[in-house]
2 protein chains.
Amino acid sequence: MYRNFGFSVVSSSGKSRLGIIETPHGRIKTPAFIFCGTKASVKGIFPQMLRDTNTQIILANTYHLFAYPGAECIKKRGGLHKFTGWNGPMLTDSGGFQIFSLGYGSVADEIKGRRSGIPTLMRVEEQGAIFRSYWDGSVLRLTPEKSVEIQRNLGADFMVAFDECTPYHSDKNYTEQSMERSHRWEKRSLDEFIRGNDFSQALYGIVQGGVHFDLRKRSTEFVGEHPFFATAIGGTLGAAKEQMYEVVEMTMNGLDDKRPVHLLGIGGIVDIFKGVELGVDTFDCVHPTRIARHGGALIKPPYRNSLQCEHINLRRSRYLEDDNPIELDCDCFTCKEFSRAYLHYLLKANELLALSAITVHNIRFMNKLMEEIRIGILNKNLHCVRDKWC
Amino acid sequence: MYRNFGFSVVSSSGKSRLGIIETPHGRIKTPAFIFCGTKASVKGIFPQMLRDTNTQIILANTYHLFAYPGAECIKKRGGLHKFTGWNGPMLTDSGGFQIFSLGYGSVADEIKGRRSGIPTLMRVEEQGAIFRSYWDGSVLRLTPEKSVEIQRNLGADFMVAFDECTPYHSDKNYTEQSMERSHRWEKRSLDEFIRGNDFSQALYGIVQGGVHFDLRKRSTEFVGEHPFFATAIGGTLGAAKEQMYEVVEMTMNGLDDKRPVHLLGIGGIVDIFKGVELGVDTFDCVHPTRIARHGGALIKPPYRNSLQCEHINLRRSRYLEDDNPIELDCDCFTCKEFSRAYLHYLLKANELLALSAITVHNIRFMNKLMEEIRIGILNKNLHCVRDKWC
């Protein structure tokens, strides 16, 4: 069923594991970070820059590409790899997260391309979800079958089963009903995937269940019983960090350890270490690339301005005369060529280059972090790596 | 006086000449095109991309950098080369063009960074010009001495003497008075330059005189009699192309052929061939990089949509399904990786990458044009090169 894909664990240390995911577009060394190319482009970044910063895998969002330019259009152009010029591994999500999170208006500024703050979700039915396009206001319908069809047309290596991203403040009763419907949707996604499987793509199942241990357990069982290639941990993980770690830990305990595990939407450095220590293989988040476009440059602890914040804001006047690069020990293009003072100036002067330059640094930073995490697992000294980065 | 600079003509064909300008930051093979890095950045482009596209020289605008962040700030950062990471030859203009052209409100949208359409020039005196900063509305004063001081602090290889860019619709009487004042200003610029000359920079004189042959003749004589390193042809060149060619031809006839000649603000392909045929060595214009940010991609004749327009507009829906690169024979990054359909999509989706990608193509296009012009002069078949590009 997944003959062109593979996953093997090369080494492990505690629950942390060093692995390799094989795809038709190359190998991914795990733990790995997946960068967001929401609308079929990592904003301001050429594919060559992704390669130069040792990026292994990027994702694109089904919701955005469904609304514009449409999956048929991208299929005609040869699929996402050909269209974007990125020839490495790629993932598309199911569209569920954006429909529901944007739809309920809860993470409204998640996506910059959105034209209004008005919730766009119109109705959730057993069949699927009906919502307004962020692009042109037209009424769109997404079902599990449709999501898989779109993702097949987009042609990424990995696609994700369609689910409902349960609202953050739902009660347990709604969370349970929603989870059960997500399971039915995931089953339909899998059936549709199998019907059209040409072995060029592999399907992720998603675990839901909110912060409720018993629901998470049932959801891990559901996913484990069905032949998904890999597992994504979705839905709300709680309000506080400690709760998140507990929910992830509990969920990890229930998962099949033969499959890669992806933790959706998590990109903080401390959180990544926690996830890796619990056995998570891949992460994604808009955070590193989004903060870059607002002047936020990721940075290691000795040079941070506070314990809590993992980046510095280069718009601040304290960088006006700072001739150092963002990080002295960083080998990225930006740190080799530009000072903080120049980046500060470019931001203030509204020069485009600032956005690409800081994004390049943040991508390289995250890839370097993941490289050192992998070495830490191999050398069984992940705690030393953690001390350096957290 | 210019011991670290040099100019030699290697070969010529008719009045066209193949030359080498030597600077402390490397050699420039001429004819050459100078790209605009108005606010100390070629918009959206890393220095490495400039090198990858064989860019020889860029310029920055004194007016903009004087207003923000100030020349002292850039001096403290080590000058423009260190500040921007561009280590090749660089030129700064005198500030005159922007003060007067923006000031009179005639080429208002020349500069995107400007905050209002209100003319900003307040007064022209014998001493200099008084105007409002486009950046924060503060009152600034620029004199020949101040312009040279600023340009010395900016530290580009080439600086330009301060002049008045005579308004387009001036009568001959005003044009003559303005020219005479510009000559006095240029003399003061030269005196100030000599006072502080540390041999790291060289000074261009400017020829004014509008469309009047007798005035242009007097201006070329003025410039020729003073020890400028090179000559720039400034001011209005007329309303129609034919008049422009006549004014440039007449001006070229009066110039010292031992000095390099720069034609200010000209970047059309046909115009560049005309200029080269009249002996011009270097050109600059915002056109190639500015149209890129609006979706305009430079293109050679067989694929143009009209005889008049030297670029195609990738925003047009005709490119929605066009899987070709901008140009099949272009070796730039963008043409190697992206189709017109993808660039069209990125423009429509307001993705940043479109702007950098088309700019990269246009820069490479202009550099390739100049390369082939140089080969054409060497091989005495510039007309064949012209037939390919015009």
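Before the details, a word on conventions: residues are numbered from 1 along each chain as its sequence is written, while chains are lettered from A and ligands numbered from 1 in the order in which they are written. Since we are looking at a prediction, local features need pLDDT of at least 70 and side-chain atom pairs count only at pLDDT 80 or more, whereas totals for chains, interfaces and linings use all residues.

Let me begin where the chains meet. Here 31 residues of chain B are in contact with 31 residues of chain A, and by contact I mean that the C-beta atoms of two residues, placed from the backbone, lie within 7 Å. On chain B, helices H1 (47-52), H4 (79-84), H12 (333-337), H13 (340-348) and H14 (353-378) each supply at least two residues of the side that touches chain A; helices (H or I, at least four residues) and strands (E, at least two) are DSSP runs, numbered from the N terminus. The largest share of that side, 4 residues, comes from H13(B). Sorted by class, the side of chain B that touches chain A has 16 nonpolar, 7 polar and 8 charged residues, where Ala, Val, Leu, Ile, Met, Phe, Trp, Tyr, Cys and Pro count as nonpolar, Asp, Glu, Lys and Arg as charged, and the others, Gly among them, as polar.

How do H13(B) and H14(B) lie relative to each other? Their axes come within 8 Å and cross at roughly 135°, the axes being lines fitted to C-alpha atoms, for helices over the stretch in contact, with angles running from 0 to 180 degrees between N-to-C directions. The two helices are therefore oblique to each other; angles under 35 degrees count as roughly parallel, over 145 as roughly antiparallel, 65 to 115 as roughly perpendicular and the rest as oblique. In H13(B), B:Leu343, B:Leu346 and B:Leu347 meet B:Leu353, B:Ala354, B:Ala357 and B:Ile358 of H14(B), and this contact has 7 nonpolar, no polar and no charged residues. In the loop between these helices lies B:Asn350, which has a positive phi of about 55° although it is not a glycine. B:Asn350 is exposed, with 12 other C-beta atoms within 10 Å; a residue is buried if 20 or more other C-beta atoms, placed from the backbone, lie within 10 Å of its own, exposed if 12 or fewer, and partly exposed in between.

The residues in contact are B:Thr175, B:Glu176, B:Met179 and B:His183 of H7(B) and B:Leu215, B:Ser219 and B:Phe222 of H8(B), and by class they are 3 nonpolar, 3 polar and 1 charged.

Now to a sheet. In chain B, 3 strands form an open, antiparallel sheet in the order S7-S8-S9, and two strands pair if DSSP finds at least two bridges between them. Which strands stand at the edges? They are S7 (121-124) and S9 (139-142), each with a single partner strand, so one side of each is left without a neighbour in the sheet. From one strand to the next the twist averages 20°. S7(B) is joined to S8(B) by 3 bridges, and these two strands form a hairpin with 4 residues between them. Another 4 bridges join S8(B), residues 129-132, to S9(B), where B:Phe131 has B:Leu140 as its bridge partner. In a regular strand the side chains alternate between the two faces of the sheet. In S8(B), B:Ala129 and B:Phe131 form a covered face, while B:Ile130 and B:Arg132 form an uncovered one.

Finally, a few loops. In chain B, a cis peptide bond runs from B:Thr30 to B:Pro31, with omega near 0°, and in chain A the bond joining A:Thr30 and A:Pro31 is also cis, with omega about 0°. Most residues other than glycine have a negative phi, and most peptide bonds are trans. A:Ala40 has a positive phi near 65°, and A:Ala40 is buried, with 26 other C-beta atoms within 10 Å. B:Gly235 lies in the loop between strand S12 (230-233) and helix H9 (241-253) of chain B, and with 31 C-beta neighbours inside 10 Å, B:Gly235 counts as buried.
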